[in-house]
Amino acid sequence: MAEWVYLLHAPREDFAETMTEAESAIWARHFGWLRGLLADGSLVLAGPTLGRTNTGIVVFEAADQDAARSVMTRDPVLRAGFATGELRPFRISLLRGRD
Amino acid sequence: MTAYRDGDRTVVAIPARFSAAQEREWVARMLERLARQERRRRPSDDQLMLRAAGLSERYLGGLARPTTVSWATNQGRRWGSCTPSDGSIRISTRVQGMPRWVIDYVLLHELAHLLHSGHGTPFWALLDSYPHTEKARGFLEGYAFSRELGHAGHELGADLPDDERDDEPGDDSRVVTSTDVG
């Protein structure tokens, strides 16, 4: 299964500190969505960069670019237009516990 | 520290620095914790009914009063269904093994349908007070979508932490296996 990463660019600096109620609700849904991918096994890791620029990083498996793109575009925050996404092919070269 | 099922084995990861006595104590403790987590994730029909009653009391002012709540294998793509005329609720066995906050959301969703049939604003307003509604809806979407893509994952719930889990400090650098699956 091919590996992919998508970056989720938050709408502004200090985003984690300044989320509105509507944004918090969408990010809760986003977190649940990722937990669902994790439960089914397609998610490898996810988390935000900390500090002033909060970029979400999602590493996951999908058969091909179309499938990978569909995973990214179904992310609740992208669907709701709250952030922008950037998809790239990825390779997990080293993984603690595996290599 | 973590504990999970791997086929018919149970794997408990504990810090390498633990003594034999600590290992015995923590393996027993982690197995008990795992069993507790599994009971929460795979409640019996009776437990489902009790959970539903508790959720109705807490989030719906006790207004939703189901007559039966049971697991069902015939729900197709639905996570659950209800029949307001006889007060029965069925929850898909696909939900078994999901975190408690997801199971509770599915229960609450069906309970709310005993009060409102559609998916309009009044319906969602009923679920507003449950703090995991959005997260649980996201979970079910993500899980279903991943399945649709044919990822066909591992045994559900095997290594998926509940949010309620109290994590223990320490590095998981030694693995103890046990065939006791409780």
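Visitor: In strand 3 of chain A, which residue is the bridge partner of A:L43?

Guide: This is a predicted model, in which local features need pLDDT of at least 70 and side-chain atom pairs count only at pLDDT 80 or more, while totals for chains, interfaces and linings use all residues. Residues are numbered from 1 along each chain as its sequence is written, and chains are lettered from A and ligands numbered from 1 in the order written. Strand 2 of chain A and strand 3 (residues 55–62) of chain A pair in the antiparallel sense over five bridges; two strands pair if DSSP finds at least two bridges between them. Looking in strand 3 of chain A, the bridge partner of A:L43 is A:F60.

Visitor: How many residues lie between strand 2 of chain A and strand 3 of chain A in their hairpin?

Guide: The turn of this hairpin contains A:G51, whose phi is positive, about 90 degrees. Between strand 2 of chain A and strand 3 of chain A, the number of residues is six.

Visitor: Which strands are the edge strands of the sheet in chain A?

Guide: The sheet is open, with four strands in the order 2-3-1-4 and antiparallel pairing. Neighbouring strands are turned against each other by 15 degrees on average, direction ignored. An edge strand here pairs on one side only, and the two that do so in chain A are strand 2 (43–48) and strand 4 (84–90).

Visitor: At what angle does helix 1 of chain A run to strand 2 of chain A?

Guide: Helix 1 (residues 21–40) of chain A lies across strand 2 and strand 3 of chain A. Axes are lines fitted to C-alpha atoms, for helices over the stretch in contact, and angles run from 0 to 180 degrees between N-to-C directions. To strand 2 of chain A, helix 1 of chain A runs at about 155 degrees.

Visitor: What pattern does chain A follow along the sequence?

Guide: Chain A has three helices and four strands. Helices (H or I, at least four residues) and strands (E, at least two) are DSSP runs, numbered from the N terminus. Read along the sequence, the pattern of chain A is β-α-β-β-α-α-β.

Visitor: What percentage of the contacts in chain A with a separation of 6 or more joins residues 24 or more positions apart?

Guide: The C-alpha trace of chain A spans about 40 × 25 × 20 Å along its principal axes. Two residues are in contact if their C-beta atoms, placed from the backbone, lie within 7 Å. Of the contacts in chain A with a separation of 6 or more, the part from residues 24 or more positions apart is 69%.

Visitor: How far apart are the axes of helix 3 and helix 5 of chain B?

Guide: Helix 3 (residues 100–113) and helix 5 (residues 133–148) of chain B pack at an angle of about 100 degrees. Helix 3 of chain B makes the contact through B:W101, B:V102 and B:Y105, and helix 5 of chain B through residues including B:F139 and B:L140. The distance between the two axes is 9 Å.
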